[in-house]
Amino acid sequence: MSDRRGAGRRVVFWRHGQTLWNVEHRFQGHTDIPLDETGLAQAARAAALLAALRPSLIVSSHLRRAQDTASALGALAGLDVKVDKDLRERGGGEWEGLTRAEIAAGWPAEYAAWEAPGGEEVSEVADRVVAATRRWLAHLEDGGLMVVASHGAAIRLGLARLLGLPEGLWSILGGLGNCAWSVVHEGTSGWRLLEHNAGTLPEPVNSDDRPESAPIAT
């Protein structure tokens, strides 16, 4: 059964602000790392822009870097932030807490494929993010706007699945910068991408996403 009540709804997928582990290029995954001072400022700036869209619903990953980002918007929009664990970042298994340089040195083959030992498969992440998005869409009226505060890899993978891209083409979507967002619109034939990685500052993307989606700054 379709979750759609009619055409016209929009979803803003919003990545959390910067953390110290982002700066250090450490794989965060499910590890609960807070925003740093820059990340809090990014969240406040982005929230001021997104509030102008008059969101109807705000949903966040349970990890505090996403929840604190979402709370900045909730305060401006006068909305409570709903929490859904299925919007969490891709699990990094043995890589969580390690830098990209350490991962590349210790697991060269796995690094090339960006498949962490003990971590989540990309299809599993995409499926749970889309399932969570559709659950909350059931509460959104036609013409409404939902903001989903989540994580770099989780957003990219879920967005690719929601748009119906075959898995072999998921890499055509680039990574999101800290506190950047992507917007999709629901039309009569499905979801369409309106904006991707919007609101970014001229800074590199530091994310748990695969290297070609999130290049390391030199």
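**Exercise 1.** Work out the handedness of the crossing of helix 2 and helix 3 in this predicted model, then describe how the two helices pack.

*Solution.* 
- Start with the sense of the crossing: helix 2 and helix 3 cross in a right-handed way.
- Next, who is touching whom? On the helix 2 side you'll find Ala43, Ala44, Ala47, Ala48, Leu50 and Ala51, and they meet Thr69, Ala72, Leu73 and Leu76 of helix 3.
- Sort that contact by class and you get 9 nonpolar residues, 1 polar and no charged ones.
- Now the geometry. Two packed helices are described by the angle between their axes and the distance between the axes.
- Here, the axes of helix 2 (residues 37-51) and helix 3 (residues 64-77) come within 8 Å, crossing at roughly 45°.
- That angle is why helix 2 counts as oblique to helix 3.

**Exercise 2.** Find Arg88, decide whether Arg88 is buried or exposed, and list what Arg88 contacts beyond its sequence neighbours.

*Solution.* 
- Look in the loop between strand 3 (81-83) and helix 4 (100-106): that's where Arg88 sits.
- Check the relative accessible area. For Arg88 the value is 15%, and buried means under 20%, so Arg88 is buried.
- Skip the neighbours within four places in sequence, and Arg88 is in contact with His30, Ser61, His62, Leu63, Glu120, Arg128, His151 and Ala154.
- Zoom in on His30: its side chain and that of Arg88 are joined by a polar contact of 3.4 Å.

Technical notes: Residues numbered from 1 in each chain as written. Predicted model: local features only at pLDDT ≥ 70, side-chain atom pairs only at ≥ 80, totals over all residues. Heavy atoms only, no water. Axes fitted to C-alpha atoms, helices over the stretch in contact; angles between N-to-C directions. Helix = DSSP H or I, 4+ residues; strand = E, 2+ residues; numbered from the N terminus. Parallel < 35°, antiparallel > 145°, perpendicular 65-115°, else oblique. Left-handed = near helix turned anticlockwise from the far one by under 90°. Contact = heavy atoms within 4.5 Å. Nonpolar A, V, L, I, M, F, W, Y, C, P; charged D, E, K, R; others polar. Buried < 20%, exposed > 50% of the residue type's maximum accessible area, 1.4 Å probe, protein only. Polar contact = N/O pair within 3.5 Å; in protein donor to acceptor, adjacent residues only side chain to side chain.
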